Amino acid sequence: RHERPLMFFGSVAVAVSLLATLLGIPLIVTYLETGLVPRVPTAILVVGLYIISVLSFFAGLILDVISISRHEMKRLAYLSIPALQRSDRVHLRDEDNS
């Protein structure tokens, strides 16, 4: 969830979307046969589940972009530290020996 939020929230979005599809198929079949939607609460539930699915996917997408940018900022901060010169390494080695 913290390292790869897109995969986590994307899988939640897929699971909720599949649940909404399974609940919605009988509604669509009934509507195509009769032209009526007799189970309105189920239709509202299906729409709510699809909205949750889309929100979950976009939350994962946004969190993934933030995670990538934080990793890049850490890398840039690390790269901004100057490298040790040869004389600095020799000096550090001499201090370790004494």
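## Basis of the model

The structure is a predicted model, in which local features need pLDDT of at least 70 and side-chain atom pairs count only at pLDDT 80 or more, whereas totals for chains, interfaces and linings use all residues. Residues are numbered from 1 along each chain as its sequence is written, and side-chain values use heavy atoms, with hydrogens and water left out.

## Overall architecture

The protein contains three helices and zero strands, arranged along the sequence as α-α-α. Helices (H or I, at least four residues) and strands (E, at least two) are taken as DSSP runs and numbered from the N terminus. Of the 98 residues, 14% count as buried; buried means under 20% relative accessible area, exposed over 50%, and partly exposed in between, with a 1.4 Å probe and protein chains only.

The accessible surface of the protein is about 8100 Å², and carbon and sulfur atoms hold 69% of that surface. Such areas come from the Shrake-Rupley method with a 1.4 Å probe, and for residues only the protein chains shown count as cover. Among contacts with a separation of 6 or more, 64% involve residues 24 or more positions apart, a contact being heavy atoms within 4.5 Å.

## Helix α2 and its buried residues

Helix α2 has 40 residues, which at 1.5 Å a residue should span 58 Å; the end C-alpha atoms are 59 Å apart, in agreement with that value. The expected span is 1.5 Å times one less than the number of residues. The buried residues of α2 are V46, L49, S53, S56, G60, D64 and S67.

S67 of α2 counts as buried because its relative accessibility is 13%. Leaving aside residues up to four places away in sequence, S67 touches H2 and E3. I68, also placed in α2, is partly exposed, with a relative accessible area of 45%. I68 and R4 are 64 residues apart in sequence, and their C-alpha atoms are 9.5 Å apart in space.

## The nonpolar core

The largest nonpolar core consists of five residues: V16, A20, L27, V46 and L49. Helices α1 and α2 each supply at least two residues of this core, and α1 gives the most, with three. A core of this kind is a set of buried Ala, Val, Leu, Ile, Met, Phe, Trp, Tyr and Cys residues joined through side-chain atoms within 4.5 Å. In soluble globular proteins, nonpolar side chains tend to be buried together.

L27 touches R39, T42, A43 and V46, not counting residues up to four places away in sequence. L22 lies in α1 and counts as exposed because its relative accessibility is 61%.

## The nonpolar surface patch

I28, Y31, L32, V37, V40 and I44 form a nonpolar patch on the surface, with about 610 Å² of accessible area together. Patches are made of residues with over 30% relative accessible area and no salt bridge, like charges being joined within 9 Å and nonpolar side chains (Val, Leu, Ile, Met, Phe, Trp, Tyr) within 5 Å. A salt bridge is a side-chain nitrogen of Lys or Arg within 4 Å of a carboxyl oxygen of Asp or Glu.

Helices α1 (5–34) and α2 (40–79) each contribute at least two residues to the patch, and the largest share, three residues, comes from α1. L32, a patch member located in α1, is exposed, with a relative accessible area of 69%.
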